[in-house]
Each structure stands twice: as C-alpha cells, then as structure tokens.
Amino acid sequence: MADERKPVTVVELVAMKQRGERIVVLTCYDALFARLLDAAGVDILLVGDSVNQVLAGADTTLSATLDQMIYHTKIVRRGAARPMVVCDMPFLSYQVSREEAIRNAGRVMQETGCHAVKLEGGAPVAETTRALVNIGIPVMGHLGLTPQSVHALGGYRVQGRDERSAERLRADATALEEAGAFAIVLELVPAPLASQITKSLTIPTIGIGAGPACDGQVLVLPDMLGLNEPFTPKFLKRYAALAEDVREAVTLYAAEVREGRYPGPEHSFPK
Ligand code: KIV
C-alpha cells in the first residue's frame, strides 16, 4: 500500500500503476469536502468543470469560466493536504492558441496552488499538452465522452463502440502519453477497449463508466453520495443517500422551529 500521508505526486501515480495499486479519485468543489475526502484517503481531488452543472445548475459544462474554476480549485486546495488537486481547464481556456493555454494554465497553477490541470481531447490537444508539460505543468488527459464536446458528440453517449472510433481513441491515448500527460481519464468507454488502452500505456488510466480494468476510478462526488437524485446513469453506484438525509433533517428542523421546540434551554444562554 502507498504511504497514506505522503503527498500524491505524478511520480507516485505511475509507481502505483506499476505496483498494481488502484488510484482513488473523486470530484471535489470546496474545502469542507476536501478535508473529508483527504481524511478518507482519496488520492486525487478533481475540481471538475462538472461543478457548473452539479452545483451551479447549468445544463452543460460549456459555460464554466476560468475564474469559477480558479475559485473552486483554490478552496479545495485549502482543505487538501495529501491528495493531488487537479483543476479542469474550462471550455475555450486552452483551445484558442497555445499561448493562451499556457497563460491560463499558468494562472491556475499560480493562483490556486493546485498540482496539475486537465484538458479534454486527444491528438488535437497533444501539442498544447506538450507545451504545458515542457514548462512544468503536469497535464491529465480526458478521452471518450468529453463533456465540452457534448453537442458535437450528439449527447452523453458511450464512445468507441465501432472499430473506427475505437482506433481513434487508442491513437489519442498514445498521442497524449507521448506528449507527456501523467494520466488519462477515460469516460464512457466500453470496458474491453478501456482495458486494452490501459494495458498499452505506462501512465495510469482513470475510468468513469469505463469498466474495472482502469488503473483508477473517478466519480462525481454529489452523484456517488446520492445528492443528485435525478442523475441515474448505468455506471453510477450510490454509496449513500444524502438527499434523503438532508430532506429528513431539514423537515425536522422546520417543524421544531415552527412548534417552538428549537432552540431548547440547552441551546440558549441563560445570561
Ligand atoms: O468535470 C468532471 O467532473 C470530470 C469528471 C467526470 C472526469 O471531468
């Protein structure tokens, strides 16, 4: 087992793959949960642009902004001692030009204290990945269902089901590894293809809806805690039912306030 309290680094992640140790990743958007996930031994906290949907209520990740991602990454970093903190670069912050990508990713690193950034896409972002890695910014890749391209992909659908797109995914993964990415998220990819890609790489793969053979797994925290009840994809396992707990607690609180039962003498200051 990896040393529980040793900070997680890009070097340690590759060593974990070599030792066959699974990498535990969750999304995280604030310091409160960062402290809890750190204490529970999570290896990587991904400040996903999913924050724009899950917490901010938008339909897609496309309207997430750099300032929004910097704010959430900064507060996650405050709560995290051991885990690696990775910031998702939002749509249009790295696609326009290499110079803009360097400036924006550099800003993220300087202003948040995070350890790495994540870019969506394969071969088309390989040179940008290389440029960031060359100036010392670790890059996590993201292939398969890339939510920033949801309209071009025709919805949130499994990718790589036919041989042509499977071949493109394999080539994209190789291109990202060659460009210096330290890990690759595989989202909504058939399990046998994710297994093949995982075996072909020396860097770890982190799966979400990509089967059990990936080197690690990631889930969106409010989804796996059962806080986001309408979202029920096949790959999601709920480890708690917190929406129910919240409803129950708040209903009880409201009743006690209305009936004058809260606060009681034990919650009041006699003088
Ligand atoms: O934005 C996000 O939360 C992500 C994960 C689902 C991998 O990119």
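Predicted model: local features only at pLDDT ≥ 70, side-chain atom pairs only at ≥ 80, totals over all residues.
P263 turns up in the segment after helix 11 (242-258).

## Around the ligand

Now to the ligand, which sits in the largest pocket. Its surroundings are made up of T27, L46, G48, D49, S50, D88, K118, H142, V185 and I208. Sorted by class, that shell comes out at 3 nonpolar, 4 polar and 3 charged residues.

S50 puts a polar side-chain atom 2.5 Å from an oxygen atom of the ligand. For D49, a polar side-chain atom lies 3.1 Å from a ligand oxygen, and D88 also has a polar side-chain atom 3.1 Å from an oxygen atom of the ligand. As for how covered the ligand is, it exposes 260 Å² when taken alone, and the protein buries 96% of that.

Next, have a look at T60, in the loop between helix 3 (51-54) and helix 4 (66-79). T60 counts as buried because its relative accessibility is 15%, under the 20% cut-off. In sequence, T60 and P147 are 87 residues apart, yet their C-alpha atoms are 7.5 Å apart in space.

## Two leucines with positive phi

L92 has phi near 75°, a positive value in a residue other than glycine. You'll find L92 in the loop between strand 3 (84-88) and helix 5 (98-112). With 48% relative accessibility, L92 counts as partly exposed, since exposed would take over 50%.

L188 isn't a glycine either, but its phi is positive, at about 50°. This leucine belongs to the loop between strand 6 (183-187) and helix 9 (191-200). L188 comes in at 12% relative accessibility, so it counts as buried.

Conventions. Residues numbered from 1 in each chain as written. Heavy atoms only, no water. Near = heavy atom within 4 Å. Polar contact = N/O pair within 3.5 Å; in protein donor to acceptor, adjacent residues only side chain to side chain. Areas by Shrake-Rupley, 256 points an atom, 1.4 Å probe, with all protein chains shown as cover. 1 Å grid on protein atoms, 1.4 Å probe; cavity = no way out; pocket = protein on both sides within 12 Å on 5 of 7 lines; lining within 4 Å. Sits in = over half its atoms within 2 Å of the grid points. Nonpolar A, V, L, I, M, F, W, Y, C, P; charged D, E, K, R; others polar. Helix = DSSP H or I, 4+ residues; strand = E, 2+ residues; numbered from the N terminus. Buried < 20%, exposed > 50% of the residue type's maximum accessible area, 1.4 Å probe, protein only.
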